[in-house]
Amino acid sequence: MARATTDRPASRADVSDLPNLDVRRASGSRDPLLLTLLPAIVVVAIIGGWEAWVRIAQVKRYLLPAPSEVARALAAEPLRYLDAAATSLGAALGGLLIATLGAFALGVVMAHSRALERALYPPALLLKVMPIVAVYPLFLIWFGFGIWPRVLIAALITFFPVLVNTVIGLRSIDPQAHDFLRALHASRSQIFWRLRLPSSLPYLFAALRISVPLSLIGAVVAEFLSGASGMGQLILVANGDFDTPALFGAVIVLATMGVSLTVGISYLERRVLDWHDSYRGV
Amino acid sequence: MVAARASHWKAPLLVATLPLPPAAVGTPAVEVLDLSHRYASAAGEVVALEHASLRVAAGEFVSIVGPSGCGKTTLLRAVAGLLAPSGGEVRVLGGAPRDAQRAHALGLVTQDPGLLPWRSVEANVRLPLEITGATADVSALLERVGIARFARYRPGQLSGGMRQRVALARALAHGPRLLLMDEPFGALDELSREDLRLELLALWERERIAVLFVTHAIHEAVLLSDRVVVMSGSPGRVAADIAIDLPRPRTDDLISTPRFVALDAEVRAALRGSAPATRGAR
Ligand SMILES: Nc1ncnc2c1ncn2[C@@H]1O[C@H](COP(=O)(O)OP(=O)(O)OP(=O)(O)O)[C@@H](O)[C@H]1O
Ligand SMILES: [Mg+2]
């Protein structure tokens with residue numbers, strides 16, 4: 001794009017309705033030093049206080065290990081944690097992807113027809129209220145001990161939030177914009193791509209922010225139940241060995257995964273929806 | 001120059017390609033005959049319009065004034081083919097409103113402009129071109145409504161007045177033969193209103209496309225229009241149809257002339273005469 005310059009508020013967005021990823025953020029951070037420093041200070045203080053307390057009070061290792069000990073547990077077998085994390089992450093994200101695609105497709109159908117929405121809502125709700133702990137054994141029988149049962153559990157647990165938000169999002173169109181397009185005899189698909197889909201993106205991102213941690217929980221619980229490899233199994237083994245430092249290590253790895261994914265989604269959301277807050281702010 | 005540009009626009013209907021000035025084309029732009037409309041709501045039926053009739057000749061500027069809730073928006077939406085009236089007939093450019101939609105002959109401007117917040121100003125104005133397949137010089141169009149400088153801005157970064165200019169440019173982009181405007185300046189401050197009003201006046205006096213214009217400002221209606229249709233409330237009907245025989249081209253200076261003052265008073269009196277029933281009921 002030869003004509004793109006840095007001082008333009010929109011570069012690719014003027015061509016396509018799929019929001020652009022390379023728009024410069026207009027809003028700067030207030031006092032960046034303080035904003036990054038403060039959370040770091042809090043984390044250091046918590047870890048330092050914890051370490052000091054365990055040492056001074058001589059807390060038993062299997063009750064509460066010192067952070068240094070947890071770090072040692074992690075450092076002793078980093079590959080084991082990385083391996084398990086990658087396996088769980090694969091199952092979680094695989095499930096999330098399947099759920100998002102499926103729920104979005106179904107949401108498109110439901111958003112276009114009240115009759116179909118009414119017909120499809122009860123089975124969708126059934127998926128939501130189904131306790132995954134109860135259906136997991138069935139999945140094991142049907143799909144074996146590979147990664148698929150776990151992927152499906154992660155998909156099952158994230159399907160509903162995405163579906164509901166998709167339907168609401170696709171319907172959340174500006175009635176005036178809709179009228180304008182209809183007065184031009186715009187086709188359904190023109191209205192979908194140019195109005196409905198972009199309007200639904202804020203809702204889709206809200207769903208993803210809910211679903212990302214859910215998908216991790218789904219995958220880990222599934223591993224936990226079946227003893228299949230991954231973070232769930234790692235926790236199971238550490239628990240059996242009374243290896244509390246390893247348990248803490250697993251918790252820290254899982255927390256890091258969840259936080260990274262959430263931050264990633266938020267970052268993507270800010271980039272893709274840069275028009276959204278600026279518009280709301282008016 | 002304007003005429004030359006207009007010829008680049010895809011002619012929406014055969015008539016537009018005839019070498020006749022629009023005013024000489026015989027088919028009226030709008031004919032509303034005995035229009036009635038009832039809304040079914042939870043609280044019961046609301047009669048929004050009863051036996052309303054009006055006519056807009058080709059190239060004519062007609063304003064509708066009337067108390068809030070008298071059915072002006074309902075009437076305009078029926079003309080745009082966005083609403084199927086419960087009774088009566090609407091003909092637009094000699095056909096059904098749907099045919100006018102199909103011919104891309106309508107341009108719509110509403111109080112809340114319904115711009116797409118993720119698109120730049122320029123891309124918003126290009127929207128009707130994408131839908132209809134018509135071509136137009138978008139930057140010239142932006143120039144004409146005085147927003148060329150803001151071509152790359154998003155709607156959220158503009159003032160209300162600027163947004164309304166974008167809406168006007170968007171409504172004109174595909175070369176409509178009938179412009180429908182529903183309180184387009186209603187949400188603006190008095191100064192922006194005045195600016196936009198005069199620019200619309202100048203624009204219309206050059207292009208002479210038919211306009212049906214809903215407003216609450218009586219002097220605005222008198223200044224802009226060839227005729228002012230006064231509607232009365234609950235249920236909505238046409239109370240008066242007043243020809244505005246002020247010379248054209250018109251400017252702001254007219255407002256203080258005796259003839260303008262007299263016409264303004266006449267519209268005001270018709271509006272008052274139409275109101276007591278409503279006022280008494282409240
Ligand atoms: N979707 C709807 N459902 C039920 N009643 C409606 C609906 N839209 C409008 N009405 C009612 O119909 C009547 C006419 O409404 P309309 O919006 O056409 O009035 P208006 O003249 O445009 O008013 P305003 O000047 O406030 O914009 C009002 O009494 C309104 O309450
Ligand atoms: Mg209205």
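These legends describe close-up views of a predicted model. Residues are numbered from 1 along each chain as its sequence is written, and chains are lettered from A in the order in which they are written. Local features need pLDDT of at least 70, side-chain atom pairs count only at pLDDT 80 or more, and totals for chains use all residues; side-chain values use heavy atoms, with hydrogens and water left out.

**View 1. Helices H5 and H8 of chain A pack together.** H5(A) covers residues 132-143, and H8(A) covers residues 188-226. Helices here are DSSP runs (H or I, at least four residues), numbered from the N terminus. The angle is about 65°, and the axes lie 11 Å apart. Axes are lines fitted to C-alpha atoms over the stretch in contact, and angles run from 0 to 180 degrees between N-to-C directions. H5(A) gives A:Ile132, A:Val133, A:Tyr136 and A:Leu140 to the contact; H8(A) gives A:Val221, A:Ala222, A:Leu225 and A:Ser226. Contact means heavy atoms within 4.5 Å. Seven of these residues are nonpolar, one is polar and none is charged.

**View 2. Strands S1 and S2 of chain B form a hairpin.** Strands are DSSP runs of E, at least two residues long. S1(B) spans residues 30-41, and S2(B) spans residues 44-56. They pair in the antiparallel sense over nine bridges; pairing takes at least two DSSP bridges. B:Arg38 has B:Val47 in S2(B) as its bridge partner. Two residues link the strands.

**View 3. Chain B holds 10 helices and nine strands.** Of its 282 residues, 57% are buried, meaning under 20% relative accessible area with a 1.4 Å probe, protein chains only.

Definitions and conventions:
Ala, Val, Leu, Ile, Met, Phe, Trp, Tyr, Cys and Pro count as nonpolar, Asp, Glu, Lys and Arg as charged, and the others, Gly among them, as polar. Buried means under 20% relative accessible area, exposed over 50%, partly exposed in between (1.4 Å probe, protein chains only).
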